[in-house]
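Have the viewer ready and follow along.

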Amino acid sequence: MDWNERGLHVINPEVPECCPFAPLAEDTITCRRRPDDFGMVWFWTARNEPIAPADRITDAIAAIMERLAPRHEPGQAAER
């Protein structure tokens, strides 16, 4: 994980690159206002998806970890 000019870059090195069912291996998290939530500040993904309100850091961390978590053990085939 590192900060860059675009936001917080998070990486899960355990995610296999072999499978179409694998989750994202990395993402860049930013913080900005969400117009449809009365302008409250939220965490956002690089794909412009809201994660959690900025005052809910634990929820944001859990959501990011879930997004980057392997859905099967590395080296095993993913179930369809």
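Areas here come from the Shrake-Rupley method with a 1.4 Å probe, and for residues only the protein chains shown count as cover. Before going on, keep in mind that this is a predicted model: local features need pLDDT of at least 70, side-chain atom pairs count only at pLDDT 80 or more, and totals for chains, interfaces and linings use all residues. Residues are numbered from 1 along each chain as its sequence is written, and side-chain values use heavy atoms, with hydrogens and water left out.

On to the fold. The chain has 1 helix and 5 strands, running β-β-β-β-β-α from the N terminus. Both kinds of element are DSSP runs, numbered from the N terminus: helices are H or I with at least four residues, strands are E with at least two. Of the 80 residues, 29% count as buried; that word means under 20% relative accessible area, while exposed is over 50% and partly exposed is in between (1.4 Å probe, protein chains only). For contacts, meaning heavy atoms within 4.5 Å, look at pairs at least 6 apart in sequence: 25% of them join residues at least 24 apart.

Now for the inside. The largest nonpolar core has 9 residues: Leu-8, Val-10, Ile-29, Phe-43, Ile-51, Ala-52, Ala-60, Ile-64 and Leu-68. Zoom in on Ala-60: leaving aside residues up to four places away in sequence, Ala-60 touches Phe-43, Ile-51 and Ala-52.

Leu-68 has a polar side to show as well. Its backbone oxygen lies 2.6 Å from a polar atom of the Asn-12 side chain. Asn-12 sits in the loop between β2 (7–11) and β3 (26–34), yet Asn-12 is buried, at 16% relative accessible area.

What about charges? Side chains of opposite charge can pair when their charged atoms come close. There are 4 salt bridges in the structure, each a side-chain nitrogen of Lys or Arg within 4 Å of a carboxyl oxygen of Asp or Glu. One of them joins Arg-67 to Asp-27, with 3.7 Å between the closest N and O atoms. Arg-67 is in helix α1 and Asp-27 in strand β3, so this pair ties together parts that are 40 residues apart in sequence. Asp-27 is buried at 7%, whereas Arg-67 is partly exposed at 25%. Together with Glu-49, Asp-27 and Arg-67 are linked in a network of salt bridges.

Another pair is Asp-36 with Arg-34, at 2.7 Å between the closest N and O atoms. Here Asp-36 is exposed at 58% relative accessibility, while Arg-34 is buried at 18%. Then there is Arg-56 with Asp-59, whose closest N and O atoms are 2.5 Å apart. Both ends are partly exposed: Arg-56 at 45% and Asp-59 at 34%.

Last stop, back on the surface. Ile-57, Ile-61 and Met-65 form a nonpolar patch there, with about 310 Å² of accessible area together. Patches take residues with over 30% relative accessible area and no salt bridge, joining nonpolar side chains (Val, Leu, Ile, Met, Phe, Trp, Tyr) within 5 Å and like charges within 9 Å. Ile-57 belongs to helix α1 (residues 57–68).

Notes:
Polar contact = N/O pair within 3.5 Å; in protein donor to acceptor, adjacent residues only side chain to side chain. Core = buried A, V, L, I, M, F, W, Y, C linked by side-chain atoms within 4.5 Å.
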